[in-house]
Amino acid sequence: MLTQRSRYALRAMLFLAEAPAGGPPVPMARIAVEVNVPRKFLELILAELRAADLIVSTRGKMGGYRLARPRHLISLGDVVRLIEGPLALVPCVSRTAYRPCGDCHDEATCAIRHAMMRVRDETARILDGTSLADAAIRELAAA
């Protein structure tokens, strides 16, 4: 399951994706109110998103946040991996944080490992194949 932190990050990114490209930065207070995220928690999440070059910030009275690149070039997978880490449910199938399971006798024949590889691959396919633009369009269509 996604953590609350990931859901907040996704909601904030989707809100920024709806802002006009080239428009003024969106103040953090507005993001917090619009996506219903506690401001102090949002501040930490936005700092993490900024450090990963997913958003940029502008300081000052007219400052705020905007996406670092066009919304069709940022995937839900980018955000989830940043906040959650690897998508794999078990370490033996992780592409970025592989380590063998302590209780596995043979990775090559492990049915759990093979099933979890399919879960990882399908999860990655869906999250990486869904941009903020795609998600925003689906959100509007559902409203």
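Reader: Which elements each supply at least two residues of the lining of the second largest pocket?

Author: They are α1 (4-18) and β2 (64-67). Helices (H or I, at least four residues) and strands (E, at least two) are DSSP runs, numbered from the N terminus. The model is predicted: local features need pLDDT of at least 70, side-chain atom pairs count only at pLDDT 80 or more, and totals for chains, interfaces and linings use all residues. Residues are numbered from 1 along each chain as its sequence is written, and side-chain values use heavy atoms, without hydrogens or water.

Reader: How do I read a pocket, and what is the volume of this second largest pocket?

Author: A pocket is an open set of points on a 1 Å grid where a 1.4 Å probe fits, with protein on both sides within 12 Å along at least five of seven lines; lining residues have an atom within 4 Å of a point. The volume is the space filled by probe spheres set on the points, which are joined across faces, edges and corners. Here it is about 210 Å³.

Reader: Which residues lie nearest its centre?

Author: Ala19, Pro20, Ala21, Gly22 and Leu67 do, out of 14 lining residues. β2 gives the largest share of this lining, 3 residues. By class, the lining has 9 nonpolar, 2 polar and 3 charged residues. Nonpolar covers Ala, Val, Leu, Ile, Met, Phe, Trp, Tyr, Cys and Pro; charged covers Asp, Glu, Lys and Arg; the others, Gly among them, are polar.

Reader: What lines the largest pocket?

Author: Its lining is Met1, Leu2, Val80, Glu84, Pro86, Leu87, Ala88, Leu89, Val119, Thr123 and Leu127. The largest share, 3 residues, is from α5. The largest pocket has a volume of about 260 Å³. Its lining counts 9 nonpolar, 1 polar and 1 charged residues.

Reader: How many helices and strands are there?

Author: The protein has 6 helices and 2 strands. Read from the N terminus, the order is α-α-α-β-β-α-α-α. The C-alpha atoms fill a box of roughly 60 × 30 × 25 Å along the principal axes.

Reader: How do I read helix packing, and at what angle do α1 and α2 pack?

Author: Two packed helices are described by the angle between their axes and the distance between the axes. Axes are lines fitted to C-alpha atoms, for helices over the stretch in contact, with angles from 0 to 180 degrees between N-to-C directions. α1 and α2 (residues 28-35) pack at about 115°, with axes 10 Å apart. So α1 is roughly perpendicular (65 to 115 degrees) to α2. In contact (heavy atoms within 4.5 Å) are Arg11, Ala12, Phe15 and Leu16 of α1 and Arg30, Ile31, Glu34 and Val35 of α2. That contact has 5 nonpolar, no polar and 3 charged residues.

Reader: At what angle does α1 pack with α3?

Author: The angle with α3 (residues 39-51) is about 70°, and the axes are 10 Å apart. α1 and α3 are therefore roughly perpendicular to each other. From α1, the contact uses Arg5, Tyr8, Ala9, Ala12 and Met13; from α3, Phe41, Leu42, Leu44, Ile45, Glu48 and Leu49. The classes are 9 nonpolar, no polar and 2 charged.

Reader: Where do α1 and α4 meet?

Author: Arg5, Ser6, Ala9, Leu10 and Met13 in α1 meet Leu76, Val79, Val80, Ile83 and Glu84 in α4. This contact divides into 7 nonpolar, 1 polar and 2 charged residues. The axes of α1 and α4 come within 9 Å and cross at roughly 145°.

Methods: Parallel < 35°, antiparallel > 145°, perpendicular 65-115°, else oblique.
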